[in-house]
Every structure is written in structure tokens, then in C-alpha cells.
Amino acid sequence: MSKKNKHKENQPIEQEKITTTDEEIVEDINEVSEVDELKKQIDSLKNDYARAYADTENLKKRLNAEAEQTRKYRIQSFAKEILPVIDNLERALQTEVNEADEGFKKGVEMTYTQLIAALKNEGVEEIECLNKPFDPNFHQAIMQEKKEGVESGIVIEVLQKGYVLKDRILRPAMVKVSE
């Protein structure tokens, strides 16, 4: 090595003098804390947005489900009001009539048939229960009677028909059950 290089190696390197005032340091600290605060606000706003979006989606799903329920069971109140009319038409059809009133009975039968078909198109159906096991979800036991050859808990007579609307009970069937 040359003498010149040796001399430079032994000399201390001069450092640049950093001259920063207190005001500049405070300003830098303020900028850093402002950036941190803005990041926190951004995170908070993102969180608020995500919650609002989730709430909106949940509301949308709930409203769609309610609308579907409303469409599915829209005829429920009408059907409940029409069931006594059906009962009266069935009673009228069970009466004995003379030949002169046979045309009238035929008209009542046609009206009954059309009404039952219209209700069936809307999802209203009779609960089939005669000679079937008693089910408290669909039947209302009014009477019990011991009957030979029939095991206990079987519906032996339907006193008033029951009806369902799709999967909902409109009126349970009133039945007589074997003991």
C-alpha cells in the first residue's frame, strides 16, 4: 500500500453534521402520528363498511324469505273463512232429496267440486285420517270408543274434516278414536 492510502485509513472519517431543529422533529412526529391516525380511520371505515354490507345482505335475505312466505301462504285467511262453507255444502249433499230437487242437488255438487278444485290448486288439501293412527299434530280427538277388531289409537270416524295449506295446518280434523 502506498503511504498515501495508509494515511487515509488512519484518519477518522468526517461525518456530516445533521442539523435538525426541534421544530422539524416535532413536525416529523406529528406526521407519523397523523399517518397512524389515518390508518386507524381507514381500518375503522373498512370495518363499518363490512358490517353495513353484511347487514344489508341479511336484510335482503330476510325480506326475500318473508316475501316467499307471504306468497306461499297468501290464501290462508281466505281458506280458513271458506272452510265452514265447504262444511255446509257437504251437509247439503248428504241430505235426501226428491226427484224434483235432484237438479238443485246436482248444482250444489258442481259448486262444491269447483270450490274444492280451486282450493287444491292453491295448495289446500283435506287431511286424510280415517282408519289411520291418531296424530295430535293433525287430529283433534273429540271422542273415544271401544270398537271390536280395531286396535287402540286408530281414527274410526271423522266428525269434521281437517285441512292443510301446503305444510301448515288450517284446521285439525275432529275425530273419534278407538280405545
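Predicted model: local features only at pLDDT ≥ 70, side-chain atom pairs only at ≥ 80, totals over all residues.
Local features need pLDDT of at least 70 and side-chain atom pairs count only at pLDDT 80 or more, while totals for chains, interfaces and linings use all residues. Residues are numbered from 1 along each chain as its sequence is written, and side-chain values use heavy atoms, leaving out hydrogens and water.

**View 1. An open sheet of three strands.** The order is β1-β4-β5, with antiparallel pairing (strands are DSSP E runs of at least two residues, numbered from the N terminus; two of them pair if DSSP finds at least two bridges between them). β1 (124-126) and β5 (168-171) sit at the edges with a single partner strand each, so one side of each has no neighbour in the sheet. From one strand to the next, the twist averages 35°.

**View 2. Where β4 meets β5.** Strand β4 (residues 163-165) pairs with β5 over three bridges, in the antiparallel sense. Look for Leu165: its bridge partner in β5 is Arg168.

View 3. Ile169 belongs to strand β5 and is partly exposed at 30% relative accessibility (buried is under 20%, exposed over 50%, partly exposed in between; 1.4 Å probe, protein chains only). Leaving aside residues up to four places away in sequence, Ile169 touches Asn137, Phe138, Tyr163 and Val164 (contact means heavy atoms within 4.5 Å). Glu125 is 44 residues from Ile169 in sequence, with 9.8 Å between their C-alpha atoms.

**View 4. Leu159 in strand β3.** Leu159 lies in β3, which spans residues 155-160. Its relative accessible area is 38%, making Leu159 partly exposed.

Note on methods. Helix = DSSP H or I, 4+ residues; strand = E, 2+ residues; numbered from the N terminus. Axes fitted to C-alpha atoms, helices over the stretch in contact; angles between N-to-C directions.
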